[in-house]
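Subject: Structure for you to look at, with notes

Dear colleague,

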Amino acid sequence: MEKANSDSRSLETEDVPRVRNLLLRSMCAVYLMAFVGFYCQAEGLYGDAGILPASRILANGTLKERLSLLQLGPFIGLGDGHEAIDLLCLVGATVAFLGLVSRVHCRLVSFIVMWSVYFSLVQISQSFRQQADHLLLEAGFLCILLAPSRLTDRRLPMEDIALLLLKWLVFRFMFASGSVKLASGCPLWWSLDGLKRHYETMPLPTSYSWYTYQLPDAFHRASTIYVYLSELVVPWLFFAPSKAVRRFALWWHVFLHLNIIGCGNYGFLSPLVLTLLLTLLDDEDELLVWLHERVSDEPRRRPRAKGRNQTEDADVDRYGGRLVKVIGLLMVVGSWLCFSVGTSDEGQLTFKPSFTRDQYLNVMQTMIRAAPLLVFVLMVKKFLKLLSSQDSVGSLAEGMRQFSKNLGLLISTIVAFTVFFMSIVPHSRLLPSTAITSPVMTRAYGGLHSLYVVNQYGRHLTKMRPMRREIILEYSDDINGTWHEYGFQYKPWTIERASSLPYGWLYFPRFDFKFYDGSGSKTDAQKWIYPLIQRLLEHQRPVLDLLDGRHIPAQAPKYIRTSLYRFAYTSFSEGAFWTRERLTDYFNVFSQDDTQLREKLKQMNFRPTVEPSSGSWNWLLRWVLDAIRRFVGAIEGSYLLVGLFVAAGMVIYTQQQQQKHHQQQRTSGQST
């Protein structure tokens, strides 16, 4: 009897939640990218001498906007300047780094700290807030439900429900990204030329994007169909009971997002999506076991004996490989029929949608309504399993009484179902005909959305831009003299091949990215450019550090103007990546004493001169933070991130070697 109990405990300890552990470690890596990227640009964007000082929001914003940990800055002697922002970024990055290198630090309190800190930073990001911030905060909140509160590998009762909500989140994100393309009626998406145009007009393209653009049109149209399948069809496979089908969906999207990382500087967005895709695996998947052994800081355990549940899973997945082949064949045949694949007189492949926009919208209505119903059924199933697991005497009623006593589990369950039901509101808004109009639901969603717990996605790439337009900043000391250009680190601004398509990799350059929004909208909608011009006229170093240091004036210029250029990719035979043509003025010429500029800044409650932050009396902490910024400021953001991940890899490797050494010592001690 004792031996049986011992074997049972041994099997229980070997039941390691690898999906949970690796997902949480990966989320720490994504948080690290986000915190470091924010830190590198914080002083130039949100400091007292920055473009949009955080003090504007903290002092004059609404109650929701002022909800931030930065309000505590004066209590520790940092005021509301960039030093307080630096401290939050460093705290968040430190917690994220520790969680990445060791599971010991990957706990509930760590995710509460990271979410709270990043929420506070996003609160003051103002015009530079991006979709990736919303997705990270929503995923980070769900990870609070998933993270263990104690240093244990035991499974949490809420684990299955939290993983399902994360899977639902990545489904919503991908499905929303795809559904709006054809629903918008954009001619480029309907002619299957949207992806080729996207390579040229994306926010921050890379050289990979230029090379891909040169491929034949038939390849681009086939790739567009691949994108439609990736965003409209494959996400449904996320919920398949077959492991092989889910693994097929995982690798499909891994290939998609590796290409997205290669062709555009989207920072931590694609790594975050890839992290959420870990929910498609199970704990016994060979890939997950291999990854877990490479990053785990614990002694390796022998494989868990196959039990009844695993045998049943194997029976369900016996024909998984054949099912994947059938699904692949159906997608090929369906694409062939839906897009009328044929050949032209020249023998080239041709593509043309064989369905109308009304037919597409009717199908989308059904899919939008069916998705929450499917997830709700799965959540109820997991909830009932959770109830039964609380029943220690074989009675469901007794299990309910035991469950009601567990207040923490009850609160977590209520939060999980609340988040799910509120997420239906933005999901239903993908089409006007399916939008939920209930005042109760919309108000409740608005409350959660103000905390970025539930967000709406899919608003990007609804309609492709017919051409690429870029805002170029120019300066001169003579209004009639020669104009010189400010250089950018990541944004296309010159036709020089070496400086026009750089890689940011995991670093997210918010400043350069924002010019993409500015070039595609009216000037009045981009009010942040007025304080940018003012800071350039003042020659403020924090803002100049956001630009390419090789192309800035040695002293403050007298005049600044913004020009709008048209950029277009070159062909293989030309020596540069871009050709460009000046279209018109984006803004008029501005100077320090320009009346219009001062009026615009006054409307924004912007302070043209730099004032010291109130409450900045903690000189020692300020000195430490400034020293760290001077040291880190000498390293370009993308290289800094690479260095941190290399350091994390070295720490993990060292831990692995130490564990092997300890195991060898124990083995040799037992043998003797």
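Predicted model: local features only at pLDDT ≥ 70, side-chain atom pairs only at ≥ 80, totals over all residues.

Residues are numbered from 1 along each chain as its sequence is written, and side-chain values use heavy atoms, with hydrogens and water left out.

Helices and strands here are DSSP runs numbered from the N terminus (H or I of at least four residues for helices, E of at least two for strands). The axes of helix α2 (residues 18-46) and helix α26 (residues 619-633) come within 11 Å and cross at roughly 110 degrees, where axes are lines fitted to C-alpha atoms, for helices over the stretch in contact, and angles run from 0 to 180 degrees between N-to-C directions. That makes α2 roughly perpendicular to α26 (the term covers 65 to 115 degrees, with under 35 counted as roughly parallel, over 145 as roughly antiparallel and the rest as oblique). Tyr39, Cys40, Ala42 and Glu43 of α2 meet Leu625, Ile628, Arg629 and Val632 of α26, contact being defined as heavy atoms within 4.5 Å.

Asp86 is buried, at a relative accessible area of 0% (buried means under 20%, exposed over 50% and partly exposed in between, with a 1.4 Å probe and protein chains only). Its side chain makes a polar contact of 2.7 Å with that of Arg629, that is, a pair of N or O atoms within 3.5 Å, of which, within protein, one must be able to donate a hydrogen and the other to accept it, and residues adjacent in sequence count only if both atoms are side-chain atoms.

Turning to the sheet, four strands form an open, antiparallel arrangement in the order β4-β3-β5-β6, with pairing taken to mean at least two DSSP bridges between two strands. β4 and β6 (578-590) stand at the edges with a single partner strand each, so one side of each has no neighbour in the sheet. Strand β3 (residues 468-476) is largely enclosed by the rest of the structure, because eight of its nine residues are buried. β3 pairs with β5 (residues 559-569) over nine bridges, and Arg469 has Arg566 as its bridge partner in β5.

Best wishes
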